[in-house]
Amino acid sequence: MPLKKIQMKSVNSRIAVIFFVLLFSSTITRAQEIIKDSVIAPVKKIQSNERQKIDGIIATVGEYIILDSDIDKSYLEISSQGGSIKDITRCQMLGKLLEDKLYAHQAIQDSVKVTDAEVKGMMEERLNYMVGQIGSLDKVISYYNKSSEEEFRSYFFDILKEQKLTSEMQKKIIGDVEITPEEVRNFFKTIPKGELPVFGAEMEVAQIVTTPKVSAAEKQKVIDRLNGFKKEIQEGSSFATKAVLYSQDPGSRSNGGFYKMNRKTAFVKEFKDVAFSLQEGEISAPFETDFGFHIIYVEKIKGQELELRHILLTPTVTEEALNEAKEKITLIRKRIEDKELTFEEAARKFSDEKETKTNGGALINPKTQDTRFELTKMDPSLYSQVSNLKDNNISEPVIDMDEQGRKSYKLITVTNRINEHTADYATDYIKIKELALKEKQIRAIGKWFDEKIKETYIKILGDYRDCEFTNNWVKK
């Protein structure tokens, strides 16, 4: 449950708990994703509370065990991410590991489905990232003290499956938790005035985008290539291998184009329509979306859920088409500068970006679903484009490239600036709602832990039984 951290001068103890729980939870997960050369060498085990260390098993949750070395690995992983371990005791770290094991244990009891294909996809994505950080697969294997790639993959598979079970169980617990405006209002009223959070400086940004037109000939080249892939796959080639080698979708390329989806999954309509029209084992004809051209292969149909693979190719944009897009947006800028129309009117009339044109070009912060962007958390590329703009000034045409390598031109303007300020219910409703919802989710999780700890076999050994845990792990 990631929570967007906000700058605060002071905050009451309840909100402080929210931040600590969520930040601590996410830090340990993220720490497993980045490994640097500087931390490959063994590190000294970290002592806290001057407890005597116990070798071997220190706790059991259902069918899961926790080793004393698991705590040291968690410390090492947080350090490798650049996180501070100064104030995290061994008891706190064990508490977090106990939580993860209980989530995974209960997920199995509740028949939460995690497929091997999903885990293998996660593994390839993580491995590619780790290899990029360290430099080679051999170094990654060495870091985990494994003797072979096969041994490492088996070990890493189990770790990732447990993480996925934990994640899915968390989603299940809080999935139905909602917050009403009245609950948000009551939450805000309980915060003493002197302890209201202080939100950092923010800005609202709008843009106009012109996309180069792709010729019919370039589109046909891509369609022919996808039809060629389809024929080769039907003759025995691997769809997953083709996706790894050729797909231009960065979100699925590394795991062979794999996605699991249902009708509520946030994919574009055209993609869903084709996916749900296919039978198990069938490959679609090439079809177009805003992202380019696709083919889909449905591996499994499980009720209302599909497991599929896809390949995305984007047509090449000619230099001539790119120049035409730049010329078009330059003329749009001149018309705005000449007061023929406002930026908002120009966005609605001329912008090629569907997501923003109906809002007059206003950008939505993907983390908050609000129009505000906190300066300290703004994407660096966006910040560099707007940091020197004065209010209502318009940037020169800026060339932009998305993750698929597609180029476009855009104009950017700052429509509003909000200085650092103490939280106000009306002005900052969305942020306050987020805090109130997180608190309610934490209460739901707390209640879940209370219930499941009572009915699950849990044993903690040695000096760790003296730890002061947030949850009643020792069942005193």
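1. In β7, glycine 292 is the bridge partner of threonine 289. Strands here (E, at least two residues) and helices (H or I, at least four) are DSSP runs, numbered from the N terminus. β6 and β7 run antiparallel, joined by three bridges. Two strands count as paired if DSSP finds at least two bridges between them.

2. A word on the source. This is a predicted model, where local features need pLDDT of at least 70 and side-chain atom pairs count only at pLDDT 80 or more, while totals for chains, interfaces and linings use all residues. Residues are numbered from 1 along each chain as its sequence is written, and side-chain values use heavy atoms, with hydrogens and water left out.

3. β6 and β7 belong to an open, antiparallel sheet of four strands, in the order β5-β8-β7-β6. β5 (258-261) and β6 are the edges; each has a single partner strand, so one side of each is left without a neighbour in the sheet. Neighbouring strands are turned by 45° against each other on average, direction ignored. Helix α8 (residues 216-234) lies across β6, β7 and β8, at about 30° to β7. Contact means heavy atoms within 4.5 Å. Axes are lines fitted to C-alpha atoms, for helices over the stretch in contact, and angles run from 0 to 180 degrees between N-to-C directions.

4. Where does the second largest pocket lie? Domain 2 (201-214 + 319-422) and domain 3 (216-313) both give residues to its lining, so the pocket lies between them. The domain bounds come from an automatic or database domain assignment.

5. The second largest pocket has a volume of about 1,600 Å³. Its lining has 45 residues, with Asp290, Phe291, Asp402, Gln404 and Arg406 nearest the centre. Elements giving two or more residues to this lining include β6 (287-289), β7 (292-302), β10 (398-401) and β11 (407-418). A pocket is an open set of points on a 1 Å grid over the protein atoms alone, where a 1.4 Å probe fits, with protein on both sides within 12 Å along at least five of seven lines; lining residues have an atom within 4 Å of a point. The volume is the space filled by probe spheres set on the points.

6. β10 and β11 pair in the antiparallel sense over four bridges. Aspartate 400 stands opposite serine 408 in β11. Their hairpin has five residues between the strands, and glycine 405 takes a positive phi near 85° there.
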